[in-house]
Amino acid sequence: MSVSPSASPSVPSSVSSAASAPTQADLLDFVRRTAADRELIASLPLDPEGRTWVRLEGPGGSEAWLIGWPPGTGTGWHDHADSVGAFLTASGELKENALAARLPTDGWKTLELTDGVDRERRLPAGQGRAFGRHHVHEVLNESSDRHAISVHAYYPPLPQIRRYSRSGPILRLEQVERPEDWQ
Ligand SMILES: [Fe+2]
C-alpha cells in the first residue's frame, strides 16, 4: 500500500518549531508521495461546475490539500504571503503562470512589471514544483475536456492569500483572503 498522509509521521502544528519546519524539498517530497497514492487521488469528489478540495495532513504541521480542477478553471493571480509551498499534478495537466521577480509584499496597490518576468510551465501528471515566500502565480487547467487533480502543501499553514488582477504589465492587489475564505 502506498503512503497516505494520515499514515505519515507528523508533528502537531502546536509543537512545530524552526528545527522541525518542513523545507520546500520536504513539501515537494510529500506532494509527490501523496500524488502516487492512487486510492487517495481517486477518492476526491469531482464536480464539473467548480473546483473541489479535501484537506490533508501535511508533514511537520504544514497545510495540505487535494484539489480537483474541472476543465477551464483556474485560481487567478495570487500569492501565499510568507508561506513556502509545493504542488504537483496527480492526474490531467495544469499550467502555472508565475512571476520571476521578488515583489514587496506590503505597502502597494499596483505595480508595473518589467518585461521578461513572466514564466510559464506545463505540469503534466507527475510534475510539480516547490516555491519560496511571496511567490506570485496562477494555476490553470486549460484542458477543454479533462479534469486535473493536484496535491498542494504550504508551510507555515497559509496565514493569508493576496489576490491580484492583472492587466498587461499592471498587477493590482484586489483582496486579502483568510484561509477560511479561500476554501
Ligand atoms: Fe497558489
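Colleagues, I begin with Arg51, whose charged end sits over the ring of Trp69, 5.1 Å from its centre. A charge counts as sitting over a ring if NZ of Lys or CZ of Arg is within 6 Å of the ring centre and within 35 degrees of the ring normal. Arg166 likewise has its charged end over the ring of Trp77, 5.2 Å from the centre.

This is a predicted model, in which local features need pLDDT of at least 70, side-chain atom pairs count only at pLDDT 80 or more, and totals for chains, interfaces and linings use all residues. Residues are numbered from 1 along each chain as its sequence is written, and side-chain values use heavy atoms, with hydrogens and water left out.

I turn now to the aromatic rings. How many aromatic pairs does a search of the whole structure find? It finds three. Rings of Phe, Tyr and Trp (its six-membered ring) pair if their centres lie within 6.5 Å; planes under 30 degrees apart count as stacked, over 60 as edge-to-face and the rest as tilted.

One of these pairs is Phe87 with Phe131, tilted, at 6.4 Å centre to centre and 55° between the planes. Phe87 lies in strand β4 and Phe131 in strand β8, so the pair ties together parts 44 residues apart in sequence; strands here are DSSP runs (E, at least two residues), numbered from the N terminus. Phe87 is buried, at 1% relative accessible area, and Phe131 is buried at 2%; buried means under 20% relative accessible area (1.4 Å probe, protein chains only).

The rings of Trp108 and Tyr164 are stacked, because their centres are 5.6 Å apart and their planes at 5°.

Methods:
Helix = DSSP H or I, 4+ residues; strand = E, 2+ residues; numbered from the N terminus. Buried < 20%, exposed > 50% of the residue type's maximum accessible area, 1.4 Å probe, protein only.
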